[in-house]
Amino acid sequence: MTPASRPTRTDFLRGLAVAVAAGVFLALSGAFGTGEAPPARRLAYWIAVMIAGGLWGHLCALAARRFIDLDRRPWLASAAISLAIAVPGTVLVWAATGLFFFGALPPTSRIPGFLLPVLLVTAAMTTLNLFLARGRPTITRATALGGPPVRFLERLPPRLRGARLLAVEAEDHYLRLHTDRGSDLILMRLSDALDELRGLEGARTHRSWWVARDAVTGARRGDGRATLSLDGGLQAPVSRRYARGLRAAGWY
């Protein structure tokens with residue numbers, strides 16, 4: 001239930017919408033032996049369970065992105081998040097099914113029987129949400145005048161302090177900071193840097209690049225790809241994955 005970048009309100013609402021849709025489907029199909037219950041009761045049960053699972057999944061996604069680059073390893077992220085949701089989710093479905101439909105907890109010996117179905121549903125929802133968000137570039141916005149300072153600018157090496165940041169490029173475990181006074185390297189992941197770049201107008205244009213909006217002087221396109229020309233002659237690639245979102249945002 002995660003996007004490739006920090007979750008936004010849209011991501012959160014989309015995740016809830018997917019959870020409700022899945023709840024309706026499970027209710028209509030009578031999943032987990034609930035088919036004999038009245039339709040309205042099944043709908044109330046499954047929508048409530050899926051929303052609860054969606055909220056827990058959102059928290060799991062927030063935790064997972066601290067350890068996994070969702071942009072580079074979406075399948076690993078999907079597997080990790082699915083497992084994190086499914087284990088407590090199995091207990092939830094076991095308990096809720098018994099209490100909601102029979103008024104008592106089922107025998108604990110039935111818990112393992114819930115695990116595989118819950119894991120399959122969770123994996124499908126997690127993967128769907130993850131890949132619905134892929135292709136949407138991470139766009140950072142400038143803060144209002146007098147707002148908090150941009151945290152990332154505090155990481156500029158002393159010789160670049162006060163320089164205008166043009167772009168950030170990932171090189172292995174380092175980031176190359178391109179400024180109007182030259183460039184330098186710092187030890188940091190791009191996924192972490194994106195959090196601290198909020199407050200500057202810019203966007204992730206490629207899995208290895210973030211570009212400041214006001215640094216762009218032009219763009220050229222060819223072979224389905226695009227390259228942004230920046231101040232100082234710097235060239236920043238635009239991946240096919242982010243091209244549509246950047247065009248829609250008026251970048252080129």
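# Sheet order and aromatic cluster

The protein exposes about 13000 Å², of which carbon and sulfur atoms supply 61%; accessible areas come from the Shrake-Rupley method with a 1.4 Å probe, and for residues only the protein chains shown count as cover. This is a predicted model: local features need pLDDT of at least 70, side-chain atom pairs count only at pLDDT 80 or more, and totals for chains, interfaces and linings use all residues. Residues are numbered from 1 along each chain as its sequence is written, and side-chain values use heavy atoms, with hydrogens and water left out.

Me: How many helices and strands are there in the protein?

Reply: There are six helices and nine strands. Helices (H or I, at least four residues) and strands (E, at least two) are DSSP runs, numbered from the N terminus.

Me: Which strands form the open sheet, and in what order?

Reply: The order is β1-β5-β6-β2-β3-β4, with antiparallel pairing.

Me: What joins β2 to β3?

Reply: Six bridges do, with β3 (residues 174–179) running antiparallel to β2, and Ala-170 stands opposite Leu-175. The two strands form a hairpin with two residues between them, and Asp-172 in the turn has a positive phi of about 55 degrees. β3 also pairs with β4 over six antiparallel bridges, where Tyr-174 stands opposite Leu-187; a hairpin through two residues joins these strands.

Me: How many aromatic pairs are there?

Reply: The count comes to four. Rings of Phe, Tyr and Trp (its six-membered ring) pair if their centres lie within 6.5 Å; planes under 30 degrees apart count as stacked, over 60 as edge-to-face and the rest as tilted.

Me: What makes Tyr-45 and Phe-101 an aromatic pair?

Reply: Their centres are 4.8 Å apart, which is within 6.5 Å, and their planes are at 65 degrees, which is over 60; the pair is therefore edge-to-face. The pair links distant parts of the chain: Tyr-45 is in helix α2 (residues 39–64) and Phe-101 in helix α3 (residues 74–102), 56 residues apart.

Me: Why is Tyr-45 called buried?

Reply: Buried means under 20% relative accessible area, exposed over 50%, and partly exposed in between (1.4 Å probe, protein chains only). Tyr-45 has 2%, so the term applies. Phe-101, at 18%, also counts as buried. In the protein, 45% of the 252 residues are buried.

Me: How is the pair of Phe-100 and Phe-101 classed?

Reply: The centres are 5.2 Å apart and the planes at 70 degrees, so this pair is edge-to-face. Phe-100 has 29% relative accessibility and counts as partly exposed. Ring pairs link Tyr-45, Trp-46, Phe-100 and Phe-101 into a cluster.

Me: What lies over the face of Phe-100?

Reply: Arg-41 does, at 4.7 Å from the ring centre. A charge sits over a ring if NZ of Lys or CZ of Arg is within 6 Å of the ring centre and within 35 degrees of the ring normal.

Methods: Pairing = 2+ DSSP bridges.
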